[in-house]
Amino acid sequence: MGKVKSLFQINGTIDGLNFYTVNGQQYVRKAGGGFNGKKIKSDPSMVKVRQNGEEFGMVSKLSRAFRLMVEPLFPPSYSGGLHNRLVKLFSGIKNLDVTSERGKRNVAVGLQHETSKPLLIGFSIPEEAPKGATLHDHVEMDWSSSTLMIRSTFRVNHHLPTTVKAISVGVGLIRLNAEDLTFEMIMSEPIMVSSVAKFPSSLTVPEPAEKSSGDFVFVVLQQYEEYQGMLQPLQLKQSVYFEVVAVR
């Protein structure tokens, strides 16, 4: 790399030389030497790049599958960086896989690690919970009876806007299939709770017949308004709240 002194600016490639400007100063360096597909696939010095690429592809595929699975729970207007948040979440869980060789570390294996639980529990959509809605600090999961116990300290319906007349409370279970890296989601029929009624003290979690470690339980809260004497779901970004509250 060298500095360029010239009466006029040059930016671009000429005769194998790259000319570019940084903070008003012109520089020149030999063109080429960057990465290309062939080099990444074959060069021994690119092993870590290939390994990272394999793992990132797997994480990105999982993140997309998860996003598409939960999207129907939210109003059409919902968006906002969910894919990137999921990539960060699943990358952290994948890194807990210390038994697989680099390049083949797996989220399904990472989920078997005890320290994956703090990464998952409390994960919510949207990222910031409405006032009073954070759930995981107020629940306890009894896996033997498939029951989610909700403490009386949970008071989400005390903080609802006055236009909200009721909320539906749904509980479900998500399982990652380790074979083909797909998700399975089972959800109960939501319970309607008046904005002034007491929140249910327990919810029955639907479970597959076969138990599996790494299953995680979520709760979905949907706000409803009254329109022409009928309750209908609000179609606003903050009107639906999803949170992972327990991991087996």
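## Salt bridges

Searching the whole of this predicted model turns up 8 salt bridges. Side chains of opposite charge can pair when their charged atoms come close. Take E55 and K94: their closest N and O atoms sit 3.1 Å apart. E55 belongs to helix α2 and K94 to helix α3 (residues 82–94), so this pair ties together parts that are 39 residues apart in sequence. Are these two partners buried or exposed? Both E55 and K94 are buried.

Another pair is R67 with E71, where the closest N and O atoms are 2.9 Å apart. Here R67 is partly exposed, at a relative accessible area of 22%, and E71 is also partly exposed, at 38%. Then there's R248, whose side chain meets that of E207 at 2.1 Å, N to O. That one links distant parts of the chain: R248 is in the segment after β14 (240–247), while E207 is in the loop between β11 and β12 (216–227), 41 residues away. R248 and E207 also belong to a network of salt bridges together with R175 and D215.

## Helix α2

Back to the helix that holds E55. Helix α2 covers residues 47–70, and its 24 residues should span 34 Å at 1.5 Å a residue; the end C-alpha atoms are 35 Å apart, which agrees. Which of its residues are buried? They are Q51, E55, M58, V59, L62, S63, F66, M69 and V70.

Now for some strands. β6, β7 and β11 make an open sheet of 3 strands, in the order β6-β7-β11, with antiparallel pairing. β6 (139–142) and β11 (202–204) are at the edges with a single partner strand each, so one side of each has no neighbour in the sheet. On average, neighbouring strands here are turned by 20 degrees against each other, ignoring direction.

β6 and β7 (residues 147–150) are joined by 4 bridges. Within this pair, M141 stands opposite L148 of β7.

## Around I186

I186 is part of strand β9 (residues 182–187) and is partly exposed, with a relative accessible area of 23%. Its C-alpha atom is 5.4 Å from that of G172, which is 14 residues away along the chain. Beyond its neighbours within four places in sequence, I186 touches V171, G172, L173, P206, E207, P208 and F218. E207 is the residue that pairs with R248 in a salt bridge.

## The whole protein

Stepping back, the protein has 5 helices and 14 strands. Of its 248 residues, 40% count as buried. Among contacts with a separation of 6 or more, 62% are between residues 24 or more positions apart.

Notes. Residues are numbered from 1 along each chain as its sequence is written. This is a predicted model: local features need pLDDT of at least 70, side-chain atom pairs count only at pLDDT 80 or more; totals for chains, interfaces and linings use all residues. Side-chain values use heavy atoms; hydrogens and water are left out. Helices (H or I, at least four residues) and strands (E, at least two) are DSSP runs, numbered from the N terminus. Buried means under 20% relative accessible area, exposed over 50%, partly exposed in between (1.4 Å probe, protein chains only). Contact means heavy atoms within 4.5 Å. Two strands pair if DSSP finds at least two bridges between them. Axes are lines fitted to C-alpha atoms, for helices over the stretch in contact, and angles run from 0 to 180 degrees between N-to-C directions. The expected span of a helix is 1.5 Å times one less than its number of residues. A salt bridge is a side-chain nitrogen of Lys or Arg within 4 Å of a carboxyl oxygen of Asp or Glu.
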